[in-house]
Amino acid sequence: CAGEENWVDSRTIYVGHREPPPGAEAYIPQRFPDNRIVSSKYTFWNFIPKNLFEQFRRIANFYFLIIFLVQLIIDTPTSPVTSGLPLFFVITVTAIKQGYEDWLRHKADNAINHCPVHFIQHGKLVRKQSRKLRVGDIVMVKEDEKFPCDLIFLSSSRGDGTCFVTTTSLDGESSHKTYYAVQDTKAFHNEQEIDALHATIECEQPQPDLYKFVGRINVYHDRNEPIARPLGSENLLLRGATLKNTEKIFGVAIYTGMETKMALNYQSKSQKRSAVEKSMNVFLVVYLCILVSKALINTVLKYAWQSEPFRDEPWYNQKTEPEKKRNLFLQAFTDFLAFMVLFNYIIPVSMYVTVEMQKFLGSYFIAWDEEMFDEDTGEGPLVNTSDLNEELGQIEYVFTDKTGTLTENNMEFVECCIEGHVYVPHVICNGQILHDCTGIDMIDSSPGSSGKEREDLFFRALCLCHTVQVKEDDSLDGLKKNQVSRRSCIYISSSPDEVALVEGIQRLGYTYLRLKDNYMEILNRENNIEKFELLEVFSFDSVRRRMSVIVKSSTGDIFLFCKGADSSIFPRVKEGKIDQVRSRVERNAVEGLRTLCVAYKKLTAEEYSKVQKLLQSAKLALQDREKKLAEVYEKIERDFILLGATAVEDRLQEKAADTIEALQKAGIKVWVLTGDKMETAAATCYACKLFRRNTQILELTTKKIEEQSLHDVLFDLNKTVIRQNGSLTRDTFSG
């Protein structure tokens, strides 16, 4: 019945603009935007009015305009040119600068919008400009090309229906992510087969979250009922991402132009104000108050002085008849404005001219700075707007991710612990297992027959519970080749941890070979190939902090293998040597290693059948799909038998510690964000000099993530700090 569910706020897309066969739901035409990207602020027609409106929203410009108009209207002691000319110069220079910057944006937009894209029309490949792409068009993208819009992934040149993508320009992640083609279309490898596809796609309206997507594809075969398949973020290729290590893919456009997730994440094009300009505006208001009070005092003093006879009409400046009849209040107001004009030099218009020129020329100095040139990419700094140059020198806080920013994101397998026995791969030499001099239990310590079975299950679990892809090729983009293996396999994964684990287990005797026709193949220690049918994959997410696979062995046994953080595995374990494994995990965490626990359980055919029904129902749901899937995962991932744990090292980047030290000396506060265990995080912070040996650490930890409980913990912590204030020096307390 999940398939019958209707979606209120959705769109229906006809793949290749073909209408489905009779019997399908009635076609409701929907209008979608074209594929043009517009990042510019102005057009040729609205530039002058829009730019003037924005410029006169600045307090200084508006003030000088008022003074200029006053000088034109009343009889003032100074010429209107003195205010008008500098104002005109400032407005013109700013307009030219902003116009030039916007012209560059127009130029970049045109380059993107005129970029050639391969479409499929009537079974043939046609080249068109990117801006002509429409929702429903089927597009072909080749290796190292960027996706021209948001696409549903239909098929790829790879036999298993996967492709590899880097999303550096979207979220800064440089690792290769794996995406999966729709199950029913992944076998279509040429234009004619793709063009013959009859399908409709139902999906949510565009929204900016890069990691969320919910949809459903209905594939029509002849006149039969359509087959409904769920669509998630693993099927959605985003505009701006780049295809890697895959010859070509076919996809259908579902979000185009300004509806793509990349465009929805653009910052608003409103004019940004720097801190210097904001502070200048505050001073301007203060000086404006001084100016008004000066003009007011002078006007009052003038009339006080003129109150005595003959003082307001000396012999050399006799009043005319109309002047004698003028309204006193109007005369006083005119005098007040005349004083305002006379004293208006207190606010220097020349300073604003200087600041504008300095910003414009300063942007070129940033672009010319040789020390900011990156030789690896061959690129220097790019100044998108010169309004914010001086902000660069006023940074107070630096927020940094840990993995891949402070660390190299190049994982190295260190050890694994199986039921208290520790295995270290680097002590294998020329195929011979060497006894470790520190007395660590080695593979040859023969943990007994039941232990041997658990050991094999542990290695199989790590060979099967992952999303790693295999590429048998030397020329791989940005990925290291594993030289130690008995067979030259290059592993690719969006998570470097997974690659490190698969390579580490390979050095311990189990090699993951490939995934073919939904069967995972591994080479065991006896050099026999074992095949496991991949039934389900429960992807890793940051809330569950674990991933699972359900596989079926050649003997018909069904296993659920799970790996994840110790905090998410231990509570779900019913048996196994928990204490020994936990102590090893904690020891590794203190040393700054990344730890994972591995567990499993056996399923009967009936249990798997129930699991499959629950999963299918949750996957096809269009509303609250993630919540329903999480509930199903929670039901399935329990009552595990603990197998062991792994430890992986991610080394610090070169000069990371020196950089953090320099930032702290400059008075910049550094915050590090990480999903690691508390002990691992603390060890890393000591290593990169964020913490010192004498640093007093306050731990704020709560199991719940409700705002109130966090608030309570913070409140208690605050009281602790105040209570300890006597023992702290004033310096450390303020810090």
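Which residues are buried in helix H1?

## Helix H1

Asn51, Glu54 and Gln55 are the buried ones in H1, which covers residues 47–55 (buried is under 20% relative accessible area, exposed over 50%, partly exposed in between, with a 1.4 Å probe and protein chains only). Look down the axis of H1 and the buried residues fall within an arc of 95°, so they line one face of the helix; the arc is taken from the directions from the helix axis to the C-beta atoms. The face turned away from that buried side carries Pro49 and Phe53, both exposed.

What do the buried residues of H1 pack against? Their partners are helix H2 (59–73) and helix H3 (81–113), with contact meaning heavy atoms within 4.5 Å.

## About the model

This is a predicted model, where local features need pLDDT of at least 70 and side-chain atom pairs count only at pLDDT 80 or more, while totals for chains, interfaces and linings use all residues. Numbering starts from 1 along each chain as its sequence is written, and side-chain values use heavy atoms, leaving out hydrogens and water.

Helices (H or I, at least four residues) and strands (E, at least two) are DSSP runs, numbered from the N terminus.

## The sheet

Six strands form an open sheet in the order E3-E2-E4-E13-E5-E11, paired antiparallel. Strand E3 (124–129) and strand E11 (236–237) are the edges, each pairing on one side only; a pair needs at least two DSSP bridges.

Inside the sheet order, E4 (residues 138–142) and E13 (residues 248–255) are joined by five bridges. Met140 has Phe250 in E13 as its bridge partner.
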